[in-house]
Structures are given as C-alpha cells and as structure tokens.
Amino acid sequence: MAHHTMEEDLNILEMNTEPCNNSNATTCAKTAPPPQEQNNLTSSTLTKKCPFLVTKLHCQRLRSFTANLKEVVFGTKLAVLFPAVPLAVVADFYGLGRPWIFALSLLGLTPLAERVSFLTEQIAYYTGPTVGGLLNATCGNATEMIISLLALHQNKVNVVKLSLLGSILSNLLLVLGSSLLCGGLANLRKEQIYDRKQADVNSLVLLLGLLCHLLPLMFRYALEGEYHSIATGTLQLSRASSIVMLLAYAGYIFFQLKTHRQLFDAQEEDENEEEKAVIGFWSAFTWLVGMTLIISLLSEYVVATIEAASDSWGISVSFISIILLPIVGNAAEHAGSIIFAFKNKLDISLGVAMGSATQISMFVIPLSVVVAWIMGIEMDLDFNLLETGCLAFTIIVTAFTLQDGTSHYMKGVVLFLCYIIIAACFFVLKTPLINEA
C-alpha cells in the first residue's frame, strides 16, 4: 500500500479539485460527481486528508473566544470582583448565611453592571447612533430595572421606590460631584468649559419629573383625614403622571436623536474620536444576553436577602436601598464619568451622569408604576416627605451648579458633600418600611 507525505496529499487534492478549462471541459463533465456529492466529497476529503485544517479552524475559534474573554471579562479593573459571582451561587446552593449571599451578590453585580455598559457601547458601533442611543437608554440602567422588576414581583414596593430614588441622587451628587472634583484637581491650570444647552435640557426634564413626584405628596397632605380619597386619588394621579412622564421621555429621546442632535453631536464625536469596536456584533450581543441573565439571578438574591442583611448588619433597609444598591448599579457611569473629567471632556461627563439620572426619573420610575399597575400592585409616585425633599434639593442644587457653563473642583466638593450628608441622614433613619401594596 502506497504511503504519501502530507505535501503529496495536498498536491493530489489540488489536482482533484482543479477547475475545468476549455481543454478538459468534456472530461470534467463526464467524470465530475453531482454538486451535492462533490461538496460532500470535498468536505470528507478535507477531513481525511487535511486534519490540520479542521484543527486550525478550531484553534481560530478558540483564539477568538479567548480574545473576547480578555476584552469582556478582564478588560476592566473591576474584574477582581468577578469571583464573587460563583461564590454567591455556591452560598445560595449550600444555604449559607443570607447576609453573605447579599454581600457576595452585591459585589458580583458591580463588575457586571460596568461590563453591560461596555457591551452596549460595542453594539452601538454597529447599529448607528439612533439605535445605539435607544439601546443605551434601555440597557444603561439595566441593573436598576431588573432589581425593580424583581422587587415588584415580590411586592416590595418601598425597595423599588428607594433604590430608584437613590439612583437619581447617586448620579447627580456622587457621580457628577466626583467627576467635577477629580476633573478640577487634574486640570487646575485649565478652565473647564462645557455646553450649557445640554445641561439645561436635562435640568428642565428633571424638574418636570420632580413636579410629578411632588403632586402626589401635596395631594396627600391636602386631603389629610379623608383616607379613602387619599389612597384612590394618589394612585390615579400617579398613574396618569407616569404616562405623561413616559411621553415626555419619548419626546426627550426624539429631541436628542433627531431634531436637536447638534447639541449632542460634539460630545459623541469626542467620545468616539479614538475608539473602535474591539469585538464583533454577535459576540457582544451574546455576552450581553449572558451577563443580563447573571444580573437577573444576582438581583433576585439581593431582593430576597435585603431584610436579612439589614437585620444582621444593623443598617436600615432605607440606607441599603438608597445608598448601597445605586452605587453598585452606577458603577459604569461613575468610572466612565470620572475618566472623561480627567481628560477635560466635561460635556461627556455631564451627559453620562445627568443622562442616566434623566433615564431613571422619566423612564424607569414611571415604567415601574405602569408595570405594577398591570400586575395589580398599587405603586404610586408618593415617595414621602423626606425622600421627596432630598430629591428636590438635589435637582435644584445641581441646576444651580451647572448654570454658568464653567467648572472647578469646588463645585465637585459641594455636590459630593451634599451626598455624604444625605447618606448620613438615611443611615441614622431607622424607620421600618411597610409595603404600601
């Protein structure tokens, strides 16, 4: 039996697959197998004669997966927190202490929230600015939305309210304040300037959302003593206001992406000036779906164990919901906003912080009210006096801070300290939460 070297096998394969020309067309027509058999023959021949080609294909797929793994999982400094994800699953499986499950889930959500933002940006490179903007609006606060829906499913209305309120406070005071502080210190000899028009639009929309939160509160105090009218009227007013807020947010998206894109084009050009997609569209989409499922699992752990963690640690549920949960959900915004502030790109920092706050106020909160309405849960926009007062003060002080179009580190100091004072207020607040529904 004749033995051939690898080089001889390749030569024979090339001769067998040589295309027909005019001189041998007749012979080829007589001897060539049907197309389907020819494809099978070629594939079989490749597999038998050239196993190294199949191995090479597998190696290419492995290298592609390794490269994506390096970019997605290890492409952030928060990757050191990823081991908390399997540890949380193991802790739940073996029934370890519920406070441990809560703490590990909270740590695991931090890098996942940041990576979801990264994957959304990668997909936006392929979908274009319009679809990318809508995708960012939907996925930018994915962690907060998932936690809210799971809390609603478990009828924990107050956890939903406080976590979403805390997200607004965190974006406007902690994220924006830290960005202005770090940017001011890093650019002491440069005057930091930003476009006031974008900040004015966000402030105006946030004030509209504040009005929708104030009216149910004032309505409750106006009808004090008429308990049946208060409950029914506040709920109806909140649902009507939520529909108006969703319409206003749709108008805000249309304004941003269509009619007045020039107000936002400059920051998008600066942001994408030196950046390109580092992974493919379908790879990014697959990773995004997988990480969203993991976020859903960890969020379910967080919602189920929040009261146990509160009792074990001696910290009120109000503090955990308003301070700890939003810090985890806003990890991506916090890191990105500070980085752009260091580079003296305040327009992008303002767009990240205020844009996220606007999404929560005008989209996620009213959406939660509508979803609760569909589920038969009575969730309204009455966030109580203390919480609504903190929200009003936050929006007003942020609007005043951004009114002149320039920035320095002292503005960041003031916003950051405002957040510390509010956090201290809810830390000492020990009022037990009672579900309204």
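This short tour visits a pair of helices and then some aromatic rings in a predicted model.

**Stop 1: two helices side by side**

Start by selecting residues 142-153, which form helix H8, together with residues 157-186, which form helix H9. Look at how their axes run: they come within 9 Å and cross at roughly 165°. Angles over 145 degrees count as roughly antiparallel, and H8 and H9 are therefore roughly antiparallel to each other.

Which residues make the contact? On the H8 side, select Glu144, Ser148, Ala151 and Leu152.

**Stop 2: a pair of rings**

Now on to the aromatic residues. How many aromatic pairs does a search of the whole structure find? There are 7. For one of them, select phenylalanine 281 and tryptophan 282. Their ring centres are 5.1 Å apart and the planes stand at 80°, so this pair is edge-to-face.

Is tryptophan 282 buried or exposed? Tryptophan 282 has a relative accessible area of 61%, so it is exposed. Phenylalanine 281, at 26% relative accessibility, counts as partly exposed.

**Stop 3: a cluster of rings**

Finish by selecting Tyr249, Tyr252 and Phe363 and showing their side chains. Here ring pairs link the three residues into a cluster.

Definitions and conventions. Residues numbered from 1 in each chain as written. Predicted model: local features only at pLDDT ≥ 70, side-chain atom pairs only at ≥ 80, totals over all residues. Heavy atoms only, no water. Axes fitted to C-alpha atoms, helices over the stretch in contact; angles between N-to-C directions. Helix = DSSP H or I, 4+ residues; strand = E, 2+ residues; numbered from the N terminus. Parallel < 35°, antiparallel > 145°, perpendicular 65-115°, else oblique. Contact = heavy atoms within 4.5 Å. Phe/Tyr/Trp six-rings, centres within 6.5 Å; stacked < 30°, edge-to-face > 60°. Buried < 20%, exposed > 50% of the residue type's maximum accessible area, 1.4 Å probe, protein only.
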